[in-house]
Amino acid sequence: MTLFSSILNALIAYGTCQAFFIAFVVLKSPKRTVFKRLFSALLIIEGIILFERLLVETTLINATPHVLGIAYPISFLKPPLLFLMALSITKPDFRLSQKDGWHSLPFLLILAINIPFYPLSGEEKLEMVTSFMNEIPSYKSFGFYFTLSFFVYIGIYVVKSLKTLNTFKKEITNNTLVNWYRTMLLWYSGFLIIHLVYFIIQPLGQLNFGVINQLSMLAMTFIIQAIAFKLIDQSNLFNTKTPVLGDPEERKNAERLILKKLEEDKIYLDEELTLERFAGYLNLKQHQISVLINQKFGCSYKKLIKMYRLAEAKKILENSDQTTIRLIDVAHQSGFSNKVSFHRVFKEFENMSPSEYLKKLENQKKG
């Protein structure tokens with residue numbers, strides 16, 4: 001075994017332990033939601049798969065040959081788990097039911113097919129696995145297309161999962177858990193595509209499966225490490241609640257009304273504008289407006305109004321004679337009640353004062 005291979009195996013071993021550890025932490029955390037249980041199950045399955053593959057890549061498998069054959073069937077549980085996880089964080093009323101058991105049929109089928117393998121002796125199992133790892137697939141073999149069907153199988157579930165998350169994201173842009181899980185799925189999709197391309201060209205280049213096997217394990221290890229980092233970096237990530245969206249048509253009408261008041265009526269130019277006053281103009285409840293703005297724009301009502309006023313102020317400054325314009329006039333024209341708040345907002349969003357921004361515009365015109 002080369003030094004490079006030893007380093008890869010050490011990283012994969014660490015990722016395997018990390019998968020089991022994260023699953024334990026998530027399951028032990030308060031409020032074991034459906035997502036947490038599904039996510040932990042996925043990590044345990046991934047940990048088992050990595051563990052078996054790692055044994056195959058090292059001489060340790062010679063001491064534990066009967067471990068072989070466990071990972072392959074349970075890998076068929078991963079695709080439906082990915083999809084059910086997406087449903088669990090986008091539908092507040094989601095519960096696992098008996099009909100979800102249909103998703104496990106491919107797993108049960110593969111398990112049944114593999115039953116003759118399990119009674120074999122350790123030597124026979126090792127011989128079969130070694131032969132499989134060293135075999136160069138052929139476009140004429142059934143095994144090639146059977147493995148290819150697995151990529152199709154998992155691809156369908158990944159696409160369905162991303163579609164579910166994207167539909168939710170159109171309504172609510174700033175749900176931490178949904179956005180994080182969507183990012184993880186995109187990374188996972190990239191890893192699958194690379195693996196699929198390698199598999200398809202194997203017969204052409206007479207490439208060995210062992211190489212991509214080790215690299216795929218390493219890629220999954222990095223994904224697990226990213227999960228571990230996020231878990232530590234943001235401990236409340238998995239406690240994010242799935243918001244109740246309500247009637248979709250009512251939400252869209254309310255969002256359109258909010259945008260109309262901001263974009264067309266420029267209601268933010270009212271220096272005395274408050275959330276209560278804004279709600280009165282729209283004939284909506286204050287809490288309803290706050291939730292809609294937070295979900296649609298990913299910020300609070302106050303921050304949104306600041307952003308619109310700032311955009312208006314910048315537009316005025318850019319279209320005026322910078323040598324004669326008075327900043328206090330710009331402040332009032334863009335909806336700010338005083339120069340202090342005007343200055344504070346510029347510092348917050350532009351990292352410079354209004355006068356510095358004005359100077360920047362002058363220099364741009366001269367240049």
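The legends below describe close-up views of a predicted model.

**View 1. Helices H13 and H16 pack against each other at an angle of about 40°.** H13 covers residues 301–318, and H16 covers residues 354–366. Their axes lie 10 Å apart. Angles under 35 degrees would count as roughly parallel and those from 65 to 115 as roughly perpendicular, so the two helices are oblique to each other. The crossing of H13 and H16 is right-handed.

**View 2. Side by side, the residues that form the contact of H13 with H16.** From H13 come Lys314, Leu317 and Glu318. H16 supplies Tyr357, Leu358, Leu361 and Lys365. Of the residues in this contact, four are nonpolar and three are charged, while no polar residue takes part.

**View 3. Lys266 has a positive phi, although this residue is not glycine.** The phi value of Lys266 is near 50°. Lys266 sits in the loop between helix H10, residues 248–264, and helix H11, residues 275–282. The relative accessibility of Lys266 is 29%. Buried means under 20% and exposed means over 50%, so Lys266 counts as partly exposed.

**View 4. Asn351 is another residue other than glycine with a positive phi.** Here phi is near 60°. Asn351 belongs to the loop between helix H15, residues 339–350, and H16. The relative accessible area of Asn351 is 66%. The cut-off for exposed is over 50%, and Asn351 is therefore exposed.

Definitions and conventions
Residues numbered from 1 in each chain as written. Predicted model: local features only at pLDDT ≥ 70, side-chain atom pairs only at ≥ 80, totals over all residues. Heavy atoms only, no water. Axes fitted to C-alpha atoms, helices over the stretch in contact; angles between N-to-C directions. Helix = DSSP H or I, 4+ residues; strand = E, 2+ residues; numbered from the N terminus. Parallel < 35°, antiparallel > 145°, perpendicular 65-115°, else oblique. Left-handed = near helix turned anticlockwise from the far one by under 90°. Contact = heavy atoms within 4.5 Å. Nonpolar A, V, L, I, M, F, W, Y, C, P; charged D, E, K, R; others polar. Buried < 20%, exposed > 50% of the residue type's maximum accessible area, 1.4 Å probe, protein only.
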